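Thanks for coming. Please have the model open.

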Amino acid sequence: MSRQNYIFTSESVSEGHPDKVCDRISDAILDAFLAEEPLARVACETFVTSGMVVIGGEVGLSDQDRLKRMMGSIGQIARDCIRDIGYEQEKFHWNTCHVLNFLHEQSAHIAQGVDRDGAGDQGIMFGYAVNETPELMPAPIQYAHAILRRLAEARKSGAEPTLRPDAKSQLSVRYENGKPVGVSSIVLSTQHASEDQTSDDIRAIVEPYIREVLPEGWITDETEWWVNPTGTFVIGGPDGDAGLTGRKIIVDTYGGAAPHGGGAFSGKDPTKVDRSAAYAARYLAKNVVAAGLADRCTLQLSYAIGVAKPLSIYIDTHGTGIVPEAEIERAVGQVMDLSPRGIRDHLDLCKPIYQRTAAYGHFGREPDADGGFSWERTDLVEALKKAI
């Protein structure tokens with residue numbers, strides 16, 4: 001029997017964290033290529049450090065002239081991302097940093113499998129859902145994201161002019177009878193403007209926003225607060241630490257509450273099952289829980305490069321299912337075509353909808369009218385019930 005009373009911790013990082021700056025640039029480049037051509041191929045990686053942005057990877061368009069034109073826009077795309085995030089520091093400024101572009105054409109050996117509607121690579125992908133929050137996400141990661149998103153809103157609106165882009169949050173959530181009931185500790189580190197600001201000064205700024213975001217009653221007199229525990233945090237972002245695309249995959253998914261497959265998401269077009277099949281797995285797991293078939297669901301998919309059909313579908317409801325897992329596995333294969341093309345078509349993934357996923361989690365978000373976060377819909381509930 002699984003434990004019912006425990007403490008579980010997850011962390012999040014802000015859009016100004018060096019790794020998230022890289023995710024943002026990589027996904028912005030992906031969006032630019034998809035806006036040019038829905039079947040564009042992109043596998044883009046970004047590295048940032050003090051005063052420097054380095055971009056590399058593979059891209060492909062059907063027209064060479066358009067590809068050359070797109071290559072000329074890469075530097076401006078990166079600068080626009082950095083400016084929107086808010087970096088105007090002496091050693092990392094959107095207008096003065098060096099941007100080096102080493103993107104090149106996609107390998108023909110990779111393209112040959114994808115062009116036959118096969119998977120862009122081999123791999124395993126996981127999806128997860130649990131009914132402990134309205135979004136059917138684990139509470140620790142969902143609220144860790146929400147804190148940083150709220151602080152970013154306050155910073156960008158001008159309400160908190162001394163906050164700066166780089167930040168981290170961490171929540172230790174207390175569970176009783178398997179349900180989240182409170183927070184035992186809160187860790188928040190945020191870059192700020194002045195060395196004269198103390199940890200107490202920063203706590204006075206951020207505490208109201210944290211209390212606003214967390215459920216009522218979760219913060220008690222017993223909750224430990226650790227706000228900028230090392231003291232001054234003025235030097236931040238890529239000037240303080242280097243960043244790289246795809247280095248925050250647990251932050252991107254379920255905060256460690258569920259397995260993660262072998263690959264990151266950002267900078268990859270939807271022919272790459274690292275991304276699209278992970279979205280499909282979340283979509284199916286969420287619909288299983290939304291349909292009341294289980295309180296908690298982990299779903300795994302596996303693929304081989306160049307092969308359209310998934311090699312396996314595995315479901316674990318962790319003892320919470322109302323029907324055998326094998327029946328749910330059969331049902332999910334009936335209600336959705338899980339070939340790479342089937343996933344792209346069902347979730348409408350060949351759109352420029354990815355830049356918005358780069359910070360504050362790929363899951364637990366509201367579906368957008370333009371198709372963004374389509375994998376968060378719960379429109380398979382009736383089909384699953386019928387299939388079961």
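A pocket, on a 1 Å grid over the protein atoms alone, is an open set of points with protein on both sides within 12 Å along at least five of seven lines; a cavity is a set of points where a 1.4 Å probe fits but cannot get out; and lining residues have an atom within 4 Å of a point. Grid points are joined across faces, edges and corners, and a volume is the space filled by probe spheres set on the points.

This is a predicted model, in which local features need pLDDT of at least 70 and side-chain atom pairs count only at pLDDT 80 or more, while totals for chains, interfaces and linings use all residues. Residues are numbered from 1 along each chain as its sequence is written, and side-chain values use heavy atoms, with hydrogens and water left out.

Start with the second largest pocket, which holds about 240 Å³ of space. Its lining includes Asp84, Glu88, Arg155, Lys156 and Arg164. By class that lining has four nonpolar, two polar and five charged residues; Ala, Val, Leu, Ile, Met, Phe, Trp, Tyr, Cys and Pro count as nonpolar, Asp, Glu, Lys and Arg as charged, and the others, Gly among them, as polar. Strand S8 (163-176) gives the most to this lining, with three residues. Helices and strands here are DSSP runs numbered from the N terminus, helices being H or I with at least four residues and strands E with at least two.

The largest pocket has about 480 Å³. Of its 20 lining residues, Tyr6, Val130, Glu132, Gly178 and Arg296 lie nearest the centre. Strands S1 (6-13) and S7 (123-130) are the elements that give two or more residues to that lining.

The largest has about 80 Å³, and its lining includes Ser14, Leu148, Arg155, Arg164 and Tyr360. Arg155 and Arg164 also line the second largest pocket. The second largest cavity has about 60 Å³. S7 gives the most to its lining, three residues, and the classes are five nonpolar, five polar and one charged.

Last, Phe33, which sits in helix H1 (residues 18-36). Is Phe33 buried or exposed? Phe33 is buried, at a relative accessible area of 0%; buried means under 20%, exposed over 50% and partly exposed in between, with a 1.4 Å probe and protein chains only. Not counting residues up to four places away in sequence, Phe33 touches Ala40, Val42, Val59, Leu61, Leu67, Met70 and Ile74, where contact means heavy atoms within 4.5 Å.
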